[in-house]
Each structure stands twice: as structure tokens, then as C-alpha cells.
Amino acid sequence: MHRSILLGLLVALATSPALAEADPMPGHDPGHRHAAEAAAPTTSTPDLADRTLAIDVRGMVCSFCAHGLEKGLSKLDGLDTDRHGDGVLVDIEAHRVTLALATTDPIPFADITRRIEKAGYDATRFHLRVQGAVDDGPEGPLLRGSHPAQAFLLDAPVAEADAAAGVQLQVDVANLAGLPEDAPIPAAVHATR
Amino acid sequence: MRRVSGVALAVLLWAGAAWAHQPVMDMAPRWAGGYGAQVRQEYRSSDTLLRGDDEQPNPQGARRRVSTTWLEGIYTFTREVRATIKLPYVDQERSAVVNGVRQKLRGRGLGDMVLAVPLRKYWNLEGATANIGLTPQLRVPTGSTRDDDPVGDGSWDFGLSGSFSSESFRWYTLVDVFWWKNTPGRRGIDQGDLVGLDVNLGYHPWHDNEHNAGVFVMLDVEARYESRGTNAFGFATGGTRLGVGPVLVGYWRNVMARAEAKFPVYERVFDTQVSRGVQLNVGIGVTF
């Protein structure tokens, strides 16, 4: 009788509800595809507050396990620690980490990605607002924010009048692996203000 | 007379389910350079006498009580490689008939330390995470064999477990298959080898993002087969057991607490032994 119980349990676990609940894993893209293609959203796009960076983190489903992630990210420079206690909000249901930024310095995407990997997870997409002027680059429209050293290569054109006057865009950034530090960051335009 | 003595001196292994699990609660820390510790209290007591799988009269009042306090630590080199240590303090007592006289035999002190190196391979999925694990383990004979009811067996033992675990926001599953090779110890103690299966199925009903706090509930099922062995008094040990029980886990930031009760669903022992009875287990762990 007990063998039957065990067999039943094994069958039940083979169809583990945790995995059944998971979305299909998106394909890995090592290259620099066009931003719109690379950053096709698989999760909802957040409505961001000012000076906020939201990061989709694959595999982050357990708050207790993600404590190391919060610990690692809270050591970043330039966080607004008046928000979320330490400047970091972990949302395990949305699989998303939100960083409250205190400065307009360039966003250290590579450092953030490394800290998330060290914590045992994978950063798949960044969501942020960028305000600045748009000009034409050799590969497409370039949005330069408050820091001239960091430019975003947009996947969609911006109206000429808006580009000259300056715009505020909400963009999604993904697939930064192998991107040179000074290269424009591929970004999918999500919303224009 | 032999039966009565055998009944009164019935022995079950004092360590058990704890060998399968790893601190802290099998889950954390998964970040490189993370470390943690947990304290766990296990308690079981029974005066149910079994011969095979039949309950027997117990006119001699055979009884077994085991209380074990586990101090456990873990260090995560990378999420794939960890090292753990588990140190028990055992306080146990059994009723026995020695030379026709009913006695209480007691053992108390540091038990046998368990060292392990959990190795894991992780997969991060959209909305879930999963891992498989392989854990070599070593039981070091740090426990004394001098007490009337010895808390250690004086032997080096070797274990290996293989696990699969997956977790989403709502669900948690763990399947752990474990095996222990028990070598002969002192005072004639020769515990049989042990194979077992531990299954946890958990549901996560509540979580508070702002405070990183929440609870989840689990069902814990453990099946084990221990081959025939002998205790310090020369009587048989080992058998087949299936235990099932609820688990309640609560966490707040980097602190996690767990309480569980495991009820014997099926037991079949060699010769005559006292049942394991209901096992209670409470613990609290912290990670850094």
C-alpha cells in the first residue's frame, strides 16, 4: 500500500506545480539584435516613478532566498535609501526588483547584472525613464540622458520636433551581454511623454 | 523472557529525518559568500510496541523518548557549491529490563557530527527556479558511547543524497533520495544501512513585499528503509517506515522559522521495537 502512495507522490511531483506555473523560458540572445526584437516583453511593463529602475529577474520567486540579492544591490552607490528602506524593493510575485535612484549618474547596468548573478539569479530586462535630446546616430536614433556618457540606441524613431526639444521616454533594456562599456545601449521605446 | 527483554530494549536510531535536510531549511543562502545558521529541536516519544507491523501489548511499559537539539551551519561558496555542518545535542531515555529488573536508561551529550557538501545545478526560469542536487555526507563519531543509552555509535558513516527542487511564487517541491552506509561501531552497535525518500510539497499563500515577510505551508512525506542491525544490547534495529505531516514555515527578511509534525502512517520493524511515534520539529534559521 505504501508503495502505491510513494508512486503516486512521484508522479505528482513529476508534474511539479511549481514548474507547471512557470512561463516558457525565452531564447537566449548573445548578439546585439535590434532593441525592439531583443526586448519583446514577456512580463508586464511597470509604470515607473521618476528616478526609478525596475529589473526583471528570472528565477526570483522566494523572498528568503532573494535576501542576498537585496543585500548585494543595496550596496550600490547612488541609491535613495529613503525609499523602500534601503533603496531596493524586491517583488517576488512580479519577479522584479525596483531600485530607487538618488542621482542622475550613468546607470551601472553591468555591475547590477553581476550582483544579480552573484545572488543566484539572472537579470533579463531593465525598465527606466530617460529624459534628454535625440539625435541621429549611425545605427539609429540616439537618446542621451542627463549623463552624456550613456546613450540609448532606440528601436523607434522620434518625431523631429520632439527630438530637438527633448523628450522623456520609458524604455526597456535587455541583452547587454558582451556590449562594450562605451557603446550605445539598445533600448526599446515603451512610452513617450 | 527473551521477548520481554527484547521488547524493553527495543531501539530505533536516534538520528533520522534530519540527515536528509540541509540548513537553512534546504533553501538558502543561494548567494555566493552567503552563510547561515539554524537551531532545530526534534522531539519524539512513543510507548507503542511493534512486532513486524503489528501493535503488541506493552505490559512492561517499554518507552522511548529522544530529544535532539541541532545546531547547523552553512556556507555558500557559489550557489553550486556549499558546505554544511550539523551538530546534535542528544537527550534520550528508554525503558529497559536488565536482568529482569525494569530500568530507565539514559544518554545525554554531544552526538555525532554530520558534514556535507551540497552540490547543485540551478535553472532560472520565467516565474520559477529549479535545481538538482548531489550531497555527499560524512558522519563523524563525536558522540559518546559511554552512556547507558549511548548517544553515538563510535563509527564513521558515509551518506549520499540526490535531490530535485522547484519553486514558483505559489508552489514549492522537494524530492530528496538519501542513502547512508553505516559502519560497525563500538559496544556492538552495528546500525543497518539506510535508504530513504523525502518529499516536500509546499504552497505559499501570503507574502508581503514591503517587509519581505510571509508564510507557506507544506506537506512532508518521508519513507525510509533501514536494513537489519543491532544495538548496544544486541537486539535488532531497522525496518520500513512512512511518515507524513504538515509543515508551517514563516519568514521575515533573513529569518526563517519552521515547525512540523510527522505522523507514522506505516511501520514495519525487524523483530520487536518501539514505534518512532509522532515526531515534532521546530527550528529557526538566519542567513547573512
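The model is predicted, and the predictor assigns the complex an ipTM of 0.75 and a pTM of 0.82. The contact between the chains draws 37 residues from chain A and 40 residues from chain B. The largest nonpolar core holds 68 residues.

**Confidence**

- Chain B has an average pLDDT of 88, and 93% of its residues score at least 70.
- Among the elements of chain B, the highest mean pLDDT, 96, belongs to strand 7 (residues 113-116), and the lowest, 39, to helix 1 (residues 2-8).
- Over residues 1-17 of chain B, pLDDT stays under 50; for this stretch the model has 45 contacts beyond four places in sequence.
- Where pLDDT is low, predicted coordinates should not be read in detail.

**Contact between the chains**

- Chain A contributes 37 residues to the contact and chain B contributes 40 residues.
- On the side of chain A that touches chain B, two or more residues come from each of helix 1 (2-14), helix 2 (17-21), helix 4 (67-73) and strand 2 (88-91) of chain A.
- That side of chain A consists of 20 nonpolar, 10 polar and seven charged residues.

- A second, separate core has six residues, among them B:Leu50, B:Ala62, B:Phe270 and B:Val274.
- Apart from neighbours within four places in sequence, A:Leu69 is in contact with A:Met60, A:Val90, A:Val97, A:Ile116, A:Ala119, A:Tyr121 and, in chain B, B:Trp31.

**Helix 5 of chain A**

- In helix 5 (residues 109-118) of chain A, the buried residues are A:Ile112, A:Arg115 and A:Ile116.
- These residues lie on the same side of helix 5 of chain A because they cover an arc of only 100 degrees around the axis.
- An α-helix has 3.6 residues a turn, so residues three or four places apart point the same way.
- A:Ala110 and A:Asp111, on the other side of helix 5 of chain A, are exposed.
- Strand 1 (52-58), helix 4 and strand 4 of chain A are the elements against which the buried residues of helix 5 of chain A pack.
- A:Gly120 follows helix 5 of chain A and has a positive phi, near 105 degrees.

- Side chains alternate along strand 1 (residues 35-46) of chain B: one face carries B:Gly36, B:Gln38, B:Arg40, B:Glu42, B:Arg44 and B:Ser46, which are buried.
- Strand 1 of chain B pairs with strand 4 (residues 64-78) of chain B in the antiparallel sense over 12 bridges, and B:Arg44 stands opposite B:Val66 of strand 4.
- Strand 1 of chain B also runs antiparallel to strand 17 (residues 279-287) of chain B, joined by nine bridges, with B:Glu42 opposite B:Asn281 of strand 17.

**B:Arg170**

- B:Arg170 sits in the loop between strand 10 (157-168) and strand 11 (171-181) of chain B.
- B:Arg170 counts as partly exposed because it has 18 C-beta neighbours inside 10 Å, whereas a buried residue needs 20 or more.
- B:Arg170 and B:Phe216 are separated by 46 residues in sequence and by 8.7 Å in space, C-alpha to C-alpha.

Definitions and conventions: Residues numbered from 1 in each chain as written. Chains lettered and ligands numbered in written order. Predicted model: local features only at pLDDT ≥ 70, side-chain atom pairs only at ≥ 80, totals over all residues. Core = buried A, V, L, I, M, F, W, Y, C linked by C-beta atoms within 7 Å. Buried ≥ 20, exposed ≤ 12 C-beta atoms within 10 Å, placed from the backbone. Contact = placed C-beta atoms within 7 Å. Helix = DSSP H or I, 4+ residues; strand = E, 2+ residues; numbered from the N terminus. Nonpolar A, V, L, I, M, F, W, Y, C, P; charged D, E, K, R; others polar. pLDDT = per-residue confidence, 0-100. Arc of directions from axis to C-beta. Pairing = 2+ DSSP bridges.
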